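Have the structure open as you read.

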Amino acid sequence: MSLVKNHTRIALFFFFMTALLGVLLRAYPLADFSFNYRYMVHAHSHIALLGWVYIGLTAVIYRLFLRETKQFKTYRNIFRATLMALVGMLATFPLWGYHPYSIFFSTLFILVSYAFTWFFIRQTPQRYRKRYSFKCVKAGLYYMVVSSLGPWALGLIMNTLGSTSVWYKIAIYFYLHFQYNGWFLMALCGFLFFILESRKTPVDPGRSRLFYRMLNTGIILSFFLSVLWTEPHHIFYVLGLLGAVIQLWAYTVFFNIIRSSRIFSDGKAGLSKSVVFLLKLSGILLAVKLLLQCFSAVPEIAKIAYHTPGFIIGYLHWTFLGVVSLALFAFFSYFRLWTLSRRAIGIYLAGFFITEFLIFYKGVALWLQWPLPEHYYLLLFSGSILFPVATGMLFFQNLRKFNNNKDD
């Protein structure tokens with residue numbers, strides 16, 4: 001258990017570093033900095049997705065499914081290689097952007113993530129394999145592997161068609177879609193299923209099977225929403241909308257499964273009020289995300305979204321900082337991997353809602369040609385400072401508690 005707790009603190013450290021990089025990016029319009037903005041964006045995004053979320057998800061996966069493995073050394077070597085790749089990316093991306101050094105570490109990370117997927121499939125005990133918690137996590141890891149086709153394709157596209165090609169952006173959107181909608185959300189659903197399956201009340205196998213099949217179908221079809229900015233044939237709009245609607249339907253089934261289980265109300269599942277609050281808020285934010293996906297299938301809205309970067313940035317942050325990160329906070333607490341701080345969570349939520357409002361307001365203002373507030377970038381910078389404050393509080397509080405327990 002101490003190993004996994006340590007890994008969650010490493011994940012939180014990377015989240016803290018992500019937040020610091022984000023503040024630096026927010027400060028860019030306010031002061032004369034000499035760093036390369038795009039290089040810093042690359043570092044920020046890689047450490048956010050691969051440092052915080054990937055390490056966080058894999059730590060919980062190990063806690064739930066792999067604690068009994070006899071191949072501990074193999075897992076430890078996989079984690080060490082993962083950590084080396086992340087530290088390498090954190091050191092090289094801010095200095096050189098996409099450069100042989102950063103590409104080496106990025107490639108190493110992808111290969112090591114394949115190794116973790118193989119390790120999970122081979123080492124998970126047989127008694128878990130028919131459960132939907134295992135099926136969802138396994139599907140999530142498969143989507144992670146599929147998403148890596150995007151980065152692999154980027155090198156070929158750069159050398160043949162160039163970075164201005166539509167295929168360059170499609171490769172990036174391919175990666176992001178199957179990371180966010182496939183890997184991240186499927187794994188989180190698997191964790192919730194694990195809680196449900198751990199209770200004496202059985203989970204309805206019919207509805208669980210329906211949810212699983214529908215969600216996989218929706219994830220695959222909704223990828224076509226990521227190409228609508230190219231104004232393709234109308235069939236792509238239909239497929240994208242169909243995928244978004246199926247996803248919405250699938251999560252409606254999932255929410256009904258959770259509601260009928262009464263884990264948020266009967267107290268038998270051992271969920272604290274803080275965990276219930278975070279999971280419910282994450283679910284509400286997910287519902288908004290799913291509705292936005294449906295609207296984005298409308299040709300006019302798809303065109304506006306693509307030509308208004310604020311909407312895309314706001315949507316990605318809404319999912320990453322809201323849906324995914326809040327759920328991870330809750331699961332870390334429920335599975336006793338760390339201690340939640342209400343004050344830190346309050347500061348985090350304040351930063352989230354302030355910055356999301358400002359980012360989406362800027363998108364609306366650019367779309368409707370409204371003026372921005374005089375001190376808009378200062379307000380956005382001020383709201384962004386709350387993220388390293390909150391994640392720093394969580395990191396150092398849990399680090400201090402971890403060290404005190406070791407001394408004891």
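Lys 135 sits over the face of Tyr 132, 4.5 Å from the ring centre. A charge counts as over a ring if NZ of Lys or CZ of Arg is within 6 Å of the ring centre and within 35 degrees of the ring normal. Lys 169 likewise lies over the face of Trp 229, at 6.0 Å from the ring centre.

A word on the source: this is a predicted model, where local features need pLDDT of at least 70 and side-chain atom pairs count only at pLDDT 80 or more, while totals for chains, interfaces and linings use all residues. Residues are numbered from 1 along each chain as its sequence is written, and side-chain values use heavy atoms, leaving out hydrogens and water.

Now to ring against ring. The whole structure holds 58 aromatic pairs; rings of Phe, Tyr and Trp (its six-membered ring) pair if their centres lie within 6.5 Å, with planes under 30 degrees apart stacked, over 60 edge-to-face and the rest tilted. Phe 65 and Tyr 128 make an edge-to-face pair, 5.4 Å centre to centre with 80° between the planes. This pair links distant parts of the chain, 63 residues apart: Phe 65 is in helix H2 (residues 37–66), and Tyr 128 is in the loop between helix H4 (100–123) and helix H5 (132–147). Helices here are DSSP runs (H or I, at least four residues), numbered from the N terminus. Both Phe 65 and Tyr 128 are buried, meaning under 20% relative accessible area, with exposed over 50% and partly exposed in between (1.4 Å probe, protein chains only). Ring pairs also join these two into a cluster whose members include Phe 120, Phe 134 and Tyr 334.

Definitions and conventions
Helix = DSSP H or I, 4+ residues; strand = E, 2+ residues; numbered from the N terminus.
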